[in-house]
Amino acid sequence: MDITDIPDDAYAGDESPPDLDDLESPASLLKGGPIRERLLDVITGLRTPTKVSTIAEYADCDTETARDYLNWFDEMGMVHRHDGHPVRYERNDAYFWWRRVDRLREEYTQRELVDELASITDELDAYRERFAAATPDEVSLVEVSKDMSTEAAWEALSEWQTLERRAALLDAARRDSRRSVSKPRSDSADA
């Protein structure tokens, strides 16, 4: 069979297509759910200080409700509050970094963290050797595109950056595993 051939049993031809009017609109799916969850979704995407009214609009709630939750998120350290007129909020990257590290500590034993970090370190070494650079930021996409397609180069450099971040998270979880406020684990293996 050719890759473009459609198998005989793929579509009988007597079925009618779905009625798209019966499906929920993407806007309604994004605006459904509890306000707190919608606001959390919004703040995780904030990269710059954003007005409360704009955040409320994105979360489809009133400004006062958004302000109350944002004050609570600020007390928890999830957002940075920028005083002024108007007050603005942005995501606290350090909080979300800490949450990812803490979740790794909860989900994996010390040994698993070390093993995964070793595996990723091997992959990082291969990228460093392949591109003759210490970090992906040192690699010129224009230069490497001379030896491979731009898409392949972009994908490789993106994967390398992702592995760098993953290695940093795993290393942080490994180093701070004894100071974790997470539930205790029975594994006592040390690196």
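Me: Which residue in S3 does Val79 stand opposite?
Reply: This model is predicted. Strand S2 covers residues 79-82, and strand S3 covers residues 88-91. The two run antiparallel, joined by 4 bridges. Val79 stands opposite Arg91.

Me: Which residue in the hairpin of S2 and S3 takes a positive phi?
Reply: Look between the two strands. The hairpin has 5 residues there. One of the hairpin's residues has a phi near 145°, and that residue is Gly84.

Me: At what angle do helix H5 and helix H8 pack?
Reply: H5 spans residues 93-107, and H8 spans residues 150-175. Their axes lie 9 Å apart. The crossing is right-handed. The packing angle is about 65°.

Me: How many charged residues does the contact of H5 with H8 have?
Reply: H5 brings Trp97, Arg100, Val101, Leu104 and Arg105. From H8 come residues including Arg165, Arg166 and Leu169. By class, 8 residues in this contact are nonpolar and none are polar. The charged ones number 4.

Me: What pattern does the chain follow along the sequence?
Reply: Start with the elements. The chain has 8 helices and 3 strands. Read in sequence order, they give α-α-β-α-α-β-β-α-α-α-α.

Me: What percentage of the residues in the chain are buried?
Reply: A residue counts as buried under 20% relative accessible area. The chain has 191 residues. Its accessible surface comes to about 13,200 Å², with 49% belonging to carbon and sulfur atoms. The buried share of residues is 29%.

How values were computed
Residues numbered from 1 in each chain as written. Predicted model: local features only at pLDDT ≥ 70, side-chain atom pairs only at ≥ 80, totals over all residues. Heavy atoms only, no water. Buried < 20%, exposed > 50% of the residue type's maximum accessible area, 1.4 Å probe, protein only. Areas by Shrake-Rupley, 256 points an atom, 1.4 Å probe, with all protein chains shown as cover. Axes fitted to C-alpha atoms, helices over the stretch in contact; angles between N-to-C directions. Left-handed = near helix turned anticlockwise from the far one by under 90°. Contact = heavy atoms within 4.5 Å. Nonpolar A, V, L, I, M, F, W, Y, C, P; charged D, E, K, R; others polar. Pairing = 2+ DSSP bridges.
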